[in-house]
Amino acid sequence: MAEVRYRGGSNVAMKLPPHHFDGAVKFYRDTLGLTVSDHGESKLVDFGPIRLWLDRCPQFSQAELWLEVVASNRDAAATDLGGKKVVRCDQIEALPEGFRGFWITSPADVVHIVSEDKQ
């Protein structure tokens with residue numbers, strides 16, 4: 001098996017029910033004065049070294065934070081994490097065609113996207 005290394009990624013997604021979405025955008029843009037840009041249905045907040053994505057999620061009743069883990073090799077990470085009994089949850093959200101990654105949850109049910117390092 002190929003060796004795999006992990007590091008924290010720069011993407012954090014805040015999944016928000018519709019009744020919290022506009023308030024969250026106003027908080028980051030107007031209250032804190034951070035730059036907020038449109039990205040389709042999502043907003044991207046310039047949060048220093050973090051890319052904070054605000055996603056409107058009609059199926060959610062409360063906010064959730066989803067984190068990114070970057071793996072040196074996607075296939076090796078899938079094998080490694082599977083061997084460690086980490087729960088895959090690829091059905092949680094579709095990924096773009098050709099994206100080298102997959103979804104997992106931590107033991108505390110925090111969703112993580114595992115993406116392949118582009119370097």
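A residue counts as partly exposed when its relative accessible area falls between the buried range, under 20%, and the exposed range, over 50%. In this predicted model, Glu93 has a relative accessibility of 30% and therefore belongs to the partly exposed class. Its salt-bridge partner is Lys15, with 2.6 Å between the closest N and O atoms. Lys15 itself is buried, at a relative accessible area of 3%. The charged end of Lys15 also sits over the ring of Trp66, at 4.4 Å from the ring centre.

The structure holds 4 aromatic pairs. One of them is edge-to-face and brings together Tyr28 and Phe47, with 6.1 Å from centre to centre and 80° between the planes. Because Tyr28 is part of helix 1 (residues 18–31) and Phe47 part of strand 3 (residues 42–47), this pair ties together parts that are 19 residues apart in sequence. Tyr28 is buried, with 11% relative accessibility, whereas Phe47 is partly exposed at 37%. Trp66 pairs with Phe60 in a tilted arrangement, 6.3 Å centre to centre and 45° between the planes. Both Phe60 and Trp66 are buried. Ring pairs also join Phe27 to Tyr28 and Phe47 in a cluster. A further contact between a charge and a ring is found at Phe102, where Arg88 lies over the face of the ring, 4.1 Å from its centre.

Turning back to charged side chains, the structure holds 11 salt bridges. Among them is the bridge between Asp117 and Arg7, with an N to O distance of 3.4 Å. Here too, distant parts of the chain are linked: Arg7 lies in strand 1 (residues 6–16) and Asp117 in the segment after strand 8 (111–116), 110 residues apart. Arg7 is partly exposed, at 40% relative accessibility.

Another salt bridge connects Lys43 with Asp38, whose closest N and O atoms are 2.2 Å apart. Lys43 has a relative accessibility of 22%, so this residue counts as partly exposed, while Asp38, at 56%, counts as exposed. Finally, salt bridges also form a network, which links Arg74, Asp75, Arg100 and Glu116.

Note on methods
Residues numbered from 1 in each chain as written. Predicted model: local features only at pLDDT ≥ 70, side-chain atom pairs only at ≥ 80, totals over all residues. Heavy atoms only, no water. Phe/Tyr/Trp six-rings, centres within 6.5 Å; stacked < 30°, edge-to-face > 60°. Helix = DSSP H or I, 4+ residues; strand = E, 2+ residues; numbered from the N terminus. Buried < 20%, exposed > 50% of the residue type's maximum accessible area, 1.4 Å probe, protein only. Lys NZ or Arg CZ within 6 Å of the ring centre and 35° of its normal. Salt bridge = Lys/Arg side-chain N within 4 Å of Asp/Glu carboxyl O.
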